[in-house]
Amino acid sequence: MTDLLFNWLLPCTYAFLACAGFCLVFNIHGPGILICCTGGALGWLVYLLADFVTHNVILRFLLAAIFITLFSEVMARIRRCPVTGYLIIALLPLVPGGGIYEAMLHCVRGDTQMFLSALVRTMGIAGALALGTVLGSSVMRIAFPIFNRLHKGSGGPSHA
Amino acid sequence: MDYNGLLNLGTELGCQLMASGAEISRVEDSIQRLMQAYGISNAHVFAIPNCLMVSLTPPTGEPITRICRIPAHGTDLDHLELCNALCRTLCQDTPPLEQALAQVSLVPDGRPIYSDRAIILGHFLVGAFFTPFFGGNLLDSLCGGLCGVSIALSTRLLRHIAGSSAFFRTLLSAAVSSLLAQLLVHFGNAGNADAITVGALMLLVPGVSLTTSMREFMAGDMVSGVTRLAESVLTATAIALGTGAALALGQFL
């Protein structure tokens with residue numbers, strides 16, 4: 001029970017609330033706030049759940065980024081709003097700020113080996129996030145016209 | 001039809017979209033759609049992150065062009081949503097040009113903006129909740145929030161002093177917040193300096209420009225993609241340098 005709380009529930013709650021802070025910083029109002037925060041929390045949940053599939057951290061970040069992109073694209077199309085906002089905020093908990101810091105910490109302490117490995121890991125995570133958004137949006141670009149054709153009349157121009 | 005007015009309408013809307021942090025493809029696409037809605041099919045739009053050019057040839061044959069330089073800007077997602085929605089309605093209803101131009105120029109004033117206090121609260125929330133996210137306890141979380149507020153205040157202050165150099169601003173803010181974290185750990189009883197520092201640094205991390213850069217690449221706007229990618233690498237370097245300086249100073253504590 002405590003395991004569930006501390007390893008799963010709390011981190012996602014932290015991600016949710018931190019995203020709420022970013023919504024204030026980037027001036028988001030209304031129901032958009034809830035979408036961004038839910039996206040951030042679910043994205044982190046996917047990252048945690050991906051541990052069952054693979055222990056490769058970079059692959060877990062990739063899966064989480066793909067999930068967040070799909071989630072925000074779907075939400076943007078439902079609300080007919082630009083996807084940028086939801087995507088940017090929901091991805092922020094995944095951005096490797098810790099990696100930059102860790103690399104710098106080792107650099108200052110003069111540990112070149114650890115510095116380089118932290119640097120490479122950080123760049124790997126950033127690359128995984130980038131690749132994840134690219135893959136997610138490409139999937140949406142292919143899938144959405146097909147979905148629209150199946151439900152003719154219900155969808156509008158997909159200029160999201 | 002007043003083609004100069006149409007050109008102004010398109011450029012004005014495009015400028016606002018750019019200034020709110022929209023992707024290039026969205027800006028170009030919106031202006032193109034707007035022109036088509038008003039019956040101009042030979043409009044050409046080109047944009048890079050700080051410049052927008054719109055050119056069209058009316059049936060009378062004299063081509064007209066407007067260039068607009070976009071000043072340094074942040075990201076304002078509510079503004080972006082409003083401009084996007086307005087562009088949709090304009091394309092659908094095509095109201096008279098004066099009315100449309102009035103609607104576009106009203107957007108920046110009429111939209112809701114969070115007060116300074118709310119924005120500082122936002123910084124506090126980000127710092128306070130990313131700290132436990134990276135393994136801090138309750139007290140650390142409070143300190144993380146304080147460091148977040150220090151970032152908000154120092155970026156604001158530096159905007160007046162250090163001018164428009166975003167690199168230097170990020171560097172100094174990162175240094176201030178990391179130094180504050182170390183002081184709080186040294187003199188206060190907070191335990192985890194790493195978690196506090198990283199939690200507050202998440203405010204400066206270039207997540208926005210990295211994500212946008214990737215979207216630009218995907219849409220085929222290579223110039224803008226490279227520009228934003230360079231921006232995010234520079235920001236990350238600034239954070240690393242600032243934190244490094246603070247860590248080096250902290251060793252003397």
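At 1% relative accessibility, Cys87(B) counts as buried (buried means under 20% relative accessible area, exposed over 50%, partly exposed in between, with a 1.4 Å probe and protein chains only). The model is predicted: local features need pLDDT of at least 70, side-chain atom pairs count only at pLDDT 80 or more, and totals for chains, interfaces and linings use all residues. Residues are numbered from 1 along each chain as its sequence is written, chains are lettered from A and ligands numbered from 1 in the order in which they are written, and side-chain values use heavy atoms, with hydrogens and water left out.

Over all chains, the structure holds 0 disulfides (a disulfide is a pair of cysteine sulfur atoms within 2.5 Å). Cys87(B) is accordingly in no disulfide. The nearest cysteine sulfur belongs to Cys91(B), 4.2 Å away. Cys107(A), at 35% relative accessibility, counts as partly exposed.

Chain B is divided into domain 1 (3–110) and domain 2 (116–250); such bounds come from an automatic or database domain assignment. The C-alpha centres of these two domains lie 33 Å apart. Their contact takes 9 residues from domain 1 of chain B and 10 residues from domain 2 of chain B (contact means heavy atoms within 4.5 Å).

The largest nonpolar core has 100 residues. A nonpolar core is a set of buried Ala, Val, Leu, Ile, Met, Phe, Trp, Tyr and Cys residues joined through side-chain atoms within 4.5 Å. Trp44(A), Ile89(A), Leu9(B) and Leu52(B) have the most contacts inside the core. Both domain 1 and domain 2 of chain B give residues to this core, so it lies between them. In soluble globular proteins, nonpolar side chains tend to be buried together.

Beyond its neighbours within four places in sequence, Trp44(A) is in contact with Pro11(A), Cys12(A), Ala15(A), Phe61(A), Pro93(A), Leu94(A) and Phe133(B). Ring pairs link Trp44(A) into a cluster with Phe22(A), Phe26(A), Tyr47(A), Phe61(A), Phe130(B), Phe133(B) and Phe134(B).

The structure holds 11 aromatic pairs over all chains. Rings of Phe, Tyr and Trp (its six-membered ring) pair if their centres lie within 6.5 Å; planes under 30 degrees apart count as stacked, over 60 as edge-to-face and the rest as tilted. Phe22(A) and Phe26(A) form a stacked pair, 6.1 Å centre to centre with 15° between the planes. Both residues are buried. The ring centres of Tyr47(A) and Phe61(A) are 4.7 Å apart and their planes stand at 40°, so this pair is tilted. Tyr47(A) lies in helix 2 (residues 31–49) of chain A and Phe61(A) in helix 3 of chain A, so the pair ties together parts that are 14 residues apart in sequence. Helices (H or I, at least four residues) and strands (E, at least two) are DSSP runs, numbered from the N terminus. Tyr47(A) and Phe61(A) are both buried.

Two arginines of chain A also meet rings. The charged end of Arg60(A) sits over the ring of Tyr47(A), 4.2 Å from its centre. That of Arg77(A) sits over the ring of Phe144(A), 4.5 Å from its centre. The criterion is NZ of Lys or CZ of Arg within 6 Å of the ring centre and within 35 degrees of the ring normal.

Ser72(A) is found in helix 3 (residues 57–79) of chain A. It is buried, with a relative accessible area of 1%. Val54(B), in strand 2 (residues 51–56) of chain B, is buried at 0%. Val54(B) and Ile31(B) are 23 residues apart in sequence and 8.4 Å apart in space, C-alpha to C-alpha.
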